[in-house]
Amino acid sequence: MTGIVKTDQIQGAQGTTVTVPTGNTLAVTSNATVGGTLGVTGNTTMGGTAAITGNTTVGGTLVNTGLITASAGVAIGGTGSANTLDDYEEGTWTPVWSSSSGGSVNSYGPQVGVYTKVGNMVHLACYMATSDKGSISGTLSVAGLPFASEDRTSLYQSGSIWMNTIPDGSDFDGDFHIQIYMAPNNDKIALQSLDGDGGTANLTHTSLTTNTDLMINISYRAA
Amino acid sequence: MAITKEIENDKIEVVNKWNIQVRTATIIKEDGAEISRSYHRHVLQPFTSSKDGDTWTHTATDISGEASDVQAICNAAWTDAVKAAYKTFTEAQSTTP
């Protein structure tokens, strides 16, 4: 037998099987509809796109060498919202000094910020240096953040800071511990020093010099 | 082969009433097909607030430098009621943890 070419339907008798002998290939050049379960004991190769409207269960290891997109998120360890990773994003932001009393920094040297958001956690880092502190005055904070913090009562969130080139004798000249935090539902990072008397002092323009620079790393829950 | 760069605010979110979160996308295209997309973000609140003694000062955020679509969202979201709620919320918080 050299082959059977059927131009219409192939149909076995009720309860029978259509068999393609070993060494031969069943080639479907158009559509194939499987009303029941399609069992494949060998490998399956698809050159085109597989569109699956129902659920897919993979009992073994799923290896994917291309991009996986999951617009509804990925549920791990459960299917509720607390188990679902529904956001991931990388990007940049521009750190700036923000003043409570007006004025602004005239110019900056390096001024770079990056973030990675995983679920509702934002991990960010920045480095900035003033080159002309201008007329900025009052209590200072770092603004320009990529996301506001979570609105949860009393959830203050802290991070780490490195600061340099501060006027000698200031609360921030390095004699005391410097710390940062974000208040709930806020878009700025506050800077404080433990003032040596058991209290805290907020950073003000008097602790800034022309060339003050700082680095910040903070991870916080986003709104 | 034409390489183009487009910058657009592809996401403007109003979060917790008064936070306007802006995502600016820089999109690189080759012959009209997107080959790269990167993000830059910032957040806007209606005021910058500070406390001196027992007195609070709320300085309105200057949004004149924002894109028109961002300004429109800010103006729509920051109603008098929302601004009042922001002030009430802020003043109810401790200035330090």
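Let's start in a loop: Ser170(A) lies between strand 8 and strand 9 of chain A, with strands (E, at least two residues) and helices (H or I, at least four) being DSSP runs numbered from the N terminus. This is a predicted model, where local features need pLDDT of at least 70 and side-chain atom pairs count only at pLDDT 80 or more, while totals for chains, interfaces and linings use all residues. Residues are numbered from 1 along each chain as its sequence is written, chains are lettered from A and ligands numbered from 1 in the order in which they are written, and side-chain values use heavy atoms, with hydrogens and water left out.

**Around Ser170(A)**

- Is Ser170(A) buried or exposed? Its relative accessibility is 12%, so Ser170(A) counts as buried; buried means under 20% relative accessible area, exposed over 50%, and partly exposed in between, with a 1.4 Å probe and protein chains only.
- Ser170(A) and Ser193(A) are 23 residues apart along the chain, and their C-alpha atoms are separated by 9.8 Å.

**Chain A as a whole**

- Chain A has twelve strands and zero helices.
- With 223 residues, chain A has a radius of gyration of 31 Å, well over the 17 Å from the globule rule, so chain A is more spread out than a compact globule. The radius is taken over C-alpha atoms, and the rule is 2.2 Å times the number of residues to the power 0.38.
- Along the principal axes, the C-alpha atoms of chain A fill a box of roughly 100 × 35 × 25 Å.
- Chain A is divided into domain 1 (1-68) and domain 2 (90-221), with bounds that come from an automatic or database domain assignment.
- The C-alpha centres of domain 1 of chain A and domain 2 of chain A lie 61 Å apart.
- Buried residues make up 29% of the 223 residues in chain A.
- Take the contacts in chain A between residues at least 6 apart in sequence: 68% of them join residues at least 24 apart. Contact here means heavy atoms within 4.5 Å.

**Strand 10 of chain A and its partners**

- Strand 10 of chain A (residues 189-194) has five of its six residues buried, so this strand is largely enclosed by the rest of the structure.
- Strand 7 of chain A pairs with strand 10 of chain A in the antiparallel sense over two bridges; strands pair if DSSP finds at least two bridges between them.
- On that side, Ala190(A) in strand 10 of chain A is the bridge partner of Ser141(A).
- Strand 9 of chain A (residues 178-182) runs antiparallel to strand 10 of chain A and is joined to it by four bridges. Here Ile178(A) has Ser193(A) as its bridge partner.
- Strand 9 of chain A and strand 10 of chain A make a hairpin with six residues between them, and Asn185(A) in the turn has a positive phi of about 50 degrees.
- Strand 11 of chain A (residues 200-202) pairs with strand 10 of chain A over three bridges, in the antiparallel sense. Thr200(A) in strand 11 of chain A stands opposite Leu194(A).
- That hairpin, of strand 10 of chain A and strand 11 of chain A, has five residues between the strands, and Gly196(A) takes a positive phi near 90 degrees there.

**Rings and charges**

- How many aromatic pairs are there over all chains? A search of the whole structure finds five.
- Tyr115(A) and Phe147(A) have ring centres 5.5 Å apart and planes at 90 degrees, so their pair is edge-to-face. Rings of Phe, Tyr and Trp (its six-membered ring) pair with centres within 6.5 Å; planes under 30 degrees apart count as stacked, over 60 as edge-to-face and the rest as tilted.
- Tyr115(A) sits in strand 5 (residues 107-118) of chain A and Phe147(A) in the loop between strand 7 (140-143) and strand 8 (157-164) of chain A, so the pair ties together parts 32 residues apart in sequence.
- Both Tyr115(A) and Phe147(A) are buried.
- In chain B, Trp18(B) and Phe89(B) form a tilted aromatic pair, 5.4 Å centre to centre with 50 degrees between the planes.
- Ring pairs link Trp18(B), Phe47(B), Tyr86(B) and Phe89(B) into a cluster.
- The charged end of Lys117(A) sits over the ring of Phe147(A), 5.4 Å from its centre. To count, NZ of Lys or CZ of Arg must be within 6 Å of the ring centre and within 35 degrees of the ring normal.
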